[in-house]
Amino acid sequence: MRKPKWFSLVALLFVLSLVAAACADDDDGDGGNGEGAAATCDADEFGCVEVADGDAIQLGTLLVITGENASLGLDSQYGSQIAVDMYGEVAGHSVELVNEDDGCAPEGGTSGARNLVSNEQVVAVIGTSCSSAGEPAAQITSDAGVVMVSPSNTAPSLTDPATHQPFYLRTAHNDKIQGAAMAQFVGEELGLTTAATIHDGSPYAEQLQAVFADTFTGEYGGEITGTEAITVGDTDMSGALTSVAAASPEFLYFPVFVAEGGLLAAQGRETAGLEDTLFGGADGMLTQDWVDAAGAANAEGTYLSGPDLAFGGDFYEAEFLPAYEDAYGEPSSVFHAHAFDAATMVLDAIAEVGIEEDGSLFIPRTALKDALFATTDYEGITGILTCDENGDCNPGATISVSEVVDGAFERIWP
Amino acid sequence: MRLALPERWSVQRIVQILLAALLLFVIFKGASATLSEGKFTAAAWKSLIVTGLALGGLYALIAMGYTLVYGILFIINFAHGEVFMSGALSTFFVARALNDSGFLNDQPVLSIGILLLFSMLVSTTIAVLLERIAYRPLRGSPRLVPLITAIGASLFLQNTFRGMFGAKVRAYPQIELLKGTVDIFGFVVGKSQLLVIAGAALLVVGLFFFIDRTKTGRAMRAVGEDKEIASLMGIDVDRVIVTTFAIGGMLAGAAGVLWAINFKQVDFFMGFVPGIKAFTAAVLGGIGNVVGAALGGLILGLLEAVAPALLLTGYDVPSPNQLKDVIAFSVLVFVLIFKPGGILGSDEPEKV
């Protein structure tokens, strides 16, 4: 291990130059020229994003765009892109998306959010896809003063007053709505009285099955015969399945994601005690990829809840869907419209609070957040949106239930 | 020093004995509480045991690859999980084609044979290439070097397969013949589980005979003892090493198809966790020891399937199955405390 002396010298010089470069960068940015904008920006707790003349406004997205759940995130990313394309320029600036991956996991949410907030040009973030990624991401973006609007986080905890992060909003439904709707479907429509649930420990699945269980027992007089949990990445589901099968429930609810949902459906069909049990899941599995993961024969007859895509108004059918299908083909999931609404709301708010000066656009961060939280009676595709102080923007969201028939989803309720 | 040594030993012994007593108490209390609660019927326990046997058989098959390579080269081939995945994932496309043409269900036995052969072929090729490209140039270098290379090769293979076939999770085509159950001595066994257990047992026994009885097997053992002397005795060491990797690959390929038939799903990442578990099984049984690997695989599989329900339900743990890996790895830790070389391994401290 004899290295020439000059090697360490070169290495030292290299490190020093890096340090120098990092320090030098700090001098730019704060310059805030122009009096009117400067005063507003100085008054804003998190300052302004300055979009120079001719530069594009950068919107971050933090969605699951790789891996087995990519169909969920890509669908939202395309919806956001359509919104940006249709919106055109905002205050004389074009808009571009900076896409990050949330990995549908806390790790992905953390690293993706850090990447986005470290880019000072990112005005707002559309994301995350999964609630598990949303929890850390909401904290990181809120600490940095970057507003984040999620098109598909549904876990109640994200907008619970006790745990809500100040810069976090969502256009997706709260699972208090989805869990209750599924309980109503099972209790009233199917008329079943016993159910068991399996979740994967993620905030989404765990809270959704809890809301389902509470409503099913509380309002519809049902009985929960068992609650089990698996781990994301497990292959052998027999332990959890055998455990819930002990009571032979009429309904088995596993609102998890693509891979584990597929395994539960496939292995559940062979578990003794579940022969007559009906299966159900939720929007995390409401994609053709899940049918492929379970196998069409195993997926057959499964009930999946999700946002009701029979929106009022013609815009969705007549303009949005054709534009989407032209560019990206059939939607792979069900949150593209929520992403469209989220992106359009953000762009409206930027237009509202942005200050133009000498061709540059100054966007005060806190004012942008306040403008989004002040959204009332906003006519989106997904309904009339009004954001409350905890960031829930879609209190009137409706849920529909689809059944897998011949390997495809068929809307059956309401 | 000489005087201090026995004293230190005795303290260690006392701690070990206390620990063992505590463990037995915890296990006994949990199990008896679970059994008296009566949540699971006898049939449910039996089905968990069968599941555990199938899982254990698969672990054992994969563990052979780790233990054979370690026995001869003293390196841990962490890319072995990917050898397993490569067979399972590429065979998916053959299985789908057979299924679409109807051949899969017309000639199920022949089809399973084709799938096994194809998967073994792919996995063997990958394993041999790994040896040739990633390990042979590094033979004789410090032991950490091939270990890091193995991790690199594992990531490379994972992402190559992801690039070629995508990240989608795919349901493995199901064979009608393997649907349903059979009754064996009161145990209700799924036909696919039966295939897995029988296939794994057959292959493992075959491997024992191969190593014990054939000339190549003897050469493998000789190379494991001492490479230089083996080569002086006229054994082509390179050839033996390639053979070892090929056998490991073959078993992993067979395990890939059996895994896919049993759990009904394949994707590019499917090799990672089974790889780690099989390595654990090899260490549990005593790495380098073929019988130990089989035993370790079975123990691990049974533990994962049965232990969460048996030990934790009695303590009212809310979702015991989330903790199955905790139990499996705790057992590994405890076994290594009492027998550092694994169940059938030598207890001499190994310098790594």
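Mentor: Buried means under 20% relative accessible area, exposed means over 50%, and partly exposed lies in between (1.4 Å probe, protein chains only). This is a predicted model: local features need pLDDT of at least 70, side-chain atom pairs count only at pLDDT 80 or more, and totals for chains, interfaces and linings use all residues. Side-chain values use heavy atoms, with hydrogens and water left out; residues are numbered from 1 along each chain as its sequence is written, and chains are lettered from A and ligands numbered from 1 in the order in which they are written.

Trainee: What is the handedness of the disulfide of Cys387(A) and Cys393(A)?

Mentor: Their sulfur atoms are 2.1 Å apart, and a disulfide is a pair of cysteine sulfur atoms within 2.5 Å. The torsion about the S-S bond of Cys387(A) and Cys393(A) is about 105°, so the disulfide is right-handed.

Trainee: What is the handedness of the link of Cys41(A) and Cys48(A)?

Mentor: A disulfide joins Cys41(A) to Cys48(A), with 2.0 Å from S to S. Cys41(A) counts as buried at 12% relative accessibility, whereas Cys48(A) is partly exposed at 22%. The angle about the S-S bond of Cys41(A) and Cys48(A) is -95°, and the link is left-handed.

Trainee: How many residues apart are Cys104(A) and Cys130(A)?

Mentor: These two form a disulfide, Cys104(A) to Cys130(A), with sulfur atoms 2.0 Å apart. The torsion of Cys104(A) and Cys130(A) about the S-S bond is about -95°, so the disulfide is left-handed. The pair links distant parts of the chain: Cys104(A) is in the loop between strand 3 and helix 4 (106–118) of chain A, Cys130(A) is in the loop between strand 4 and helix 5 of chain A, and they stand apart by 26 residues.

Trainee: What is the pairing of the bonded cysteines of chain A?

Mentor: The search of the whole structure finds three disulfides over all chains. Number the bonded cysteines of chain A in sequence order, and the pairing reads 1-2, 3-4, 5-6.

Trainee: How many aromatic pairs does the search of the whole structure find?

Mentor: Rings of Phe, Tyr and Trp (its six-membered ring) pair if their centres lie within 6.5 Å; planes under 30 degrees apart count as stacked, over 60 as edge-to-face and the rest as tilted. Over all chains, the number of aromatic pairs found is 31.

Trainee: Which kind of pair do the rings of Phe78(B) and Phe279(B) make?

Mentor: The ring centres of Phe78(B) and Phe279(B) are 5.0 Å apart and the planes are at 65°, so the pair is edge-to-face. The pair links distant parts of the chain, 201 residues apart: Phe78(B) is in the loop between helix 2 (42–73) and helix 3 (80–101) of chain B, and Phe279(B) is in helix 11 (residues 272–285) of chain B. Phe78(B) is partly exposed at 23% relative accessibility, whereas Phe279(B) is buried at 17%. For the rings of Phe78(B) and Phe279(B), then, the kind is edge-to-face.

Trainee: How many residues apart in sequence are the parts that Tyr135(B) and Phe245(B) tie together?

Mentor: Tyr135(B) and Phe245(B) form a tilted aromatic pair, 5.7 Å centre to centre with 35° between the planes. Tyr135(B) lies in helix 5 (residues 108–135) of chain B and Phe245(B) in helix 10 (residues 237–263) of chain B, so the pair ties together parts whose separation in sequence is 110 residues.

Trainee: Where is Pro414(A)?

Mentor: Most peptide bonds are trans. The bond from Trp413(A) to Pro414(A) is cis, with omega near 0°. Pro414(A) is in the segment after strand 17 (408–413) of chain A.

Trainee: Where is Thr128(A)?

Mentor: The peptide bond from Gly127(A) to Thr128(A) is cis, with omega near 0°. Thr128(A) is in the loop between strand 4 (122–127) and helix 5 (131–144) of chain A.

Definitions and conventions. Helix = DSSP H or I, 4+ residues; strand = E, 2+ residues; numbered from the N terminus.
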